Amino acid sequence: MKQIIIVGGGRFGLEAATYLHDLARSGVELEVSGVIDDSSPDVSDFPGGVQKIGDLTSWDPRDFDHIIAIGDAHARWKVAALLGARSARFFSLIHPSAYIADTAEIGLGAMVCPLSFVGPHARVGPHAVINVQASLGHDARLGTAAVLSPGAKVSGRGEIGEGAFLGSLALMTPGAKLGAFSKMAAGAVWSGVAPEGSLVAGNPGKSRIMFRVPTTATLPQ
Ligand SMILES: CC(C)(COP(=O)(O)OP(=O)(O)OC[C@H]1O[C@@H](n2cnc3c(N)ncnc32)[C@H](O)[C@@H]1OP(=O)(O)O)[C@@H](O)C(=O)NCCC(=O)NCCS
């Protein structure tokens with residue numbers, strides 16, 4: 001039986017707990033051992049009476065599988081690096097209602113939410129998120145800890161760098177590229193190539209360099 005730790009006790013943590021509960025009900029042998037969070041979130045409505053059992057700062061992750069339930073891509077990336085450096089194991093949470101093509105690859109620690117789509121030969125990086133009703137088209141690449149918010153669409157051959165974030169209903173047209181640690185505003189439409197640290201907003205989207213890109217070592221893809 002896998003013992004899963006949810007990293008982050010906010011409302012994305014509640015969603016992760018709910019999807020894990022769904023997986024357990026569908027016959028996957030797992031149980032949620034608890035939540036870790038540096039603040040004191042109210043987890044009283046998490047399914048299965050899950051409790052906060054520790055702080056991220058002092059957590060020894062070695063006996064557990066972890067799923068990071070943090071919606072901010074850059075913060076996910078940092079927490080993945082922190083736990084990875086402490087030899088954490090990670091769990092890939094794939095909701096039973098998601099469509100995943102046989103030829104797609106899902107990285108360790110990724111979260112693939114209900115009713116989402118991952119097309120043929122698409123690659124979802126470690127710790128990346130495909131939120132509800134988001135889609136990653138054929139041959140597209142989603143970098144480590146990158147986040148597709150609800151309803152975001154990445155068309156075929158799209159490329160999204162590590163730590164990048166697409167807001168709800170953002171759309172990348174076929175072959176568009178978004179550099180690492182960039183952000184796309186909710187509802188933006190992007191057809192170009194945006195370098196690292198870009199903000200893309202509007203339809204048609206316009207890009208400008210806006211965000212700091214970490215200088216620390218890149219996490220493995
Ligand atoms: C694009 C987005 C991610 C930027 O958020 P942020 O990182 O907090 O950035 P800030 O709000 O600090 O804004 C940074 C800059 O971007 C600009 N900006 C932000 N959103 C913009 C938009 N939609 N259009 C144009 N400019 C925008 C701000 O004006 C600011 O510019 P300035 O520094 O020149 O004043 C945010 O506006 C957004 O669309 N979020 C989507 C949220 C979402 O869908 N969440 C899903 C939850 S499940």
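**Sheets, loops and a domain interface**

Reader: Over how many bridges do S24 and S25 pair in the antiparallel sense?

Author: The model is predicted, and in this model S24 and S25 pair in the antiparallel sense. One of the bridges joins Ser198 to Ile209 in S25. The number of bridges between S24 and S25 is four.

Reader: Which residue takes a positive phi in the hairpin of S24 and S25?

Author: The hairpin of S24 and S25 has four residues between the strands. The positive phi there is near 90°. The residue that takes this angle is Gly202.

Reader: Is the peptide bond from Asn203 to Pro204 cis or trans?

Author: Pro204 has its place in the loop between S24 and S25. The bond that leads from Asn203 to Pro204 has omega near 0°. This peptide bond is cis.

Reader: Do strand S21 and strand S24 pair in the parallel or the antiparallel sense?

Author: Strand S21 covers residues 183-184 and strand S24 covers residues 198-201. Two bridges link S21 and S24, and Met184 stands opposite Val200 in S24. The sense of this pairing is parallel.

Reader: In what order do the eight strands form an open sheet?

Author: The sheet that holds S21, S24 and S25 is open, and its pairing is mixed. Its edge strands, which each pair on one side only, are strand S6 (93-94) and strand S25 (206-209). The order is S6-S9-S12-S15-S18-S21-S24-S25.

Reader: Which strands are the edge strands where five strands form an open sheet?

Author: In this sheet the pairing is parallel and the order is S3-S2-S1-S4-S5. Each edge strand pairs on one side only. The edge strands are strand S3 (52-54) and strand S5 (89-90).

Reader: Which residue in S5 stands opposite His66?

Author: S4 and S5 run parallel, with two bridges between them. His66 stands opposite a residue of S5, namely Phe90.

Reader: What is the area buried between domain 1 and domain 2?

Author: Domain 1 spans 2-91 and domain 2 spans 94-209, with 22 Å between their centres, taken over C-alpha atoms. The size of an interface is often given as the accessible area lost when the parts come together. Here carbon and sulfur atoms give 70% of the buried area. The area buried is about 1500 Å².

Reader: Which residues of domain 1 lose the most area to domain 2?

Author: In the contact between the domains, 17 residues of domain 1 meet 24 residues of domain 2. Three residues of domain 1 together account for 34% of what that side buries. These residues are Tyr19, Arg76 and Trp77.

Reader: How many nonpolar residues has the side of domain 1 that touches domain 2?

Author: Helix H1 (11-25), strand S4 (65-68) and helix H2 (73-85) each supply at least two residues of that side. By class, three residues there are polar and three are charged. The number of nonpolar residues is 11.

Reader: What is the N to O distance where the side chains of Asp22 and Arg25 meet?

Author: Side chains of opposite charge can pair when their charged atoms come close. Asp22 and Arg25 both lie in helix H1, three residues apart, about one turn of the helix. The count of salt bridges comes to six. Asp22 and Arg25 form a salt bridge, and its N to O distance is 2.9 Å.

Reader: What is the phi of His121?

Author: His121 sits in the loop between strand S10 (117-118) and strand S11 (123-124). Although His121 is not a glycine, its phi is positive, at about 60°.

How values were computed
Residues numbered from 1 in each chain as written. Predicted model: local features only at pLDDT ≥ 70, side-chain atom pairs only at ≥ 80, totals over all residues. Heavy atoms only, no water. Pairing = 2+ DSSP bridges. Domains from an automatic or database assignment. Contact = heavy atoms within 4.5 Å. Buried area = accessible area lost by both parts, 1.4 Å probe. Nonpolar A, V, L, I, M, F, W, Y, C, P; charged D, E, K, R; others polar. Salt bridge = Lys/Arg side-chain N within 4 Å of Asp/Glu carboxyl O.
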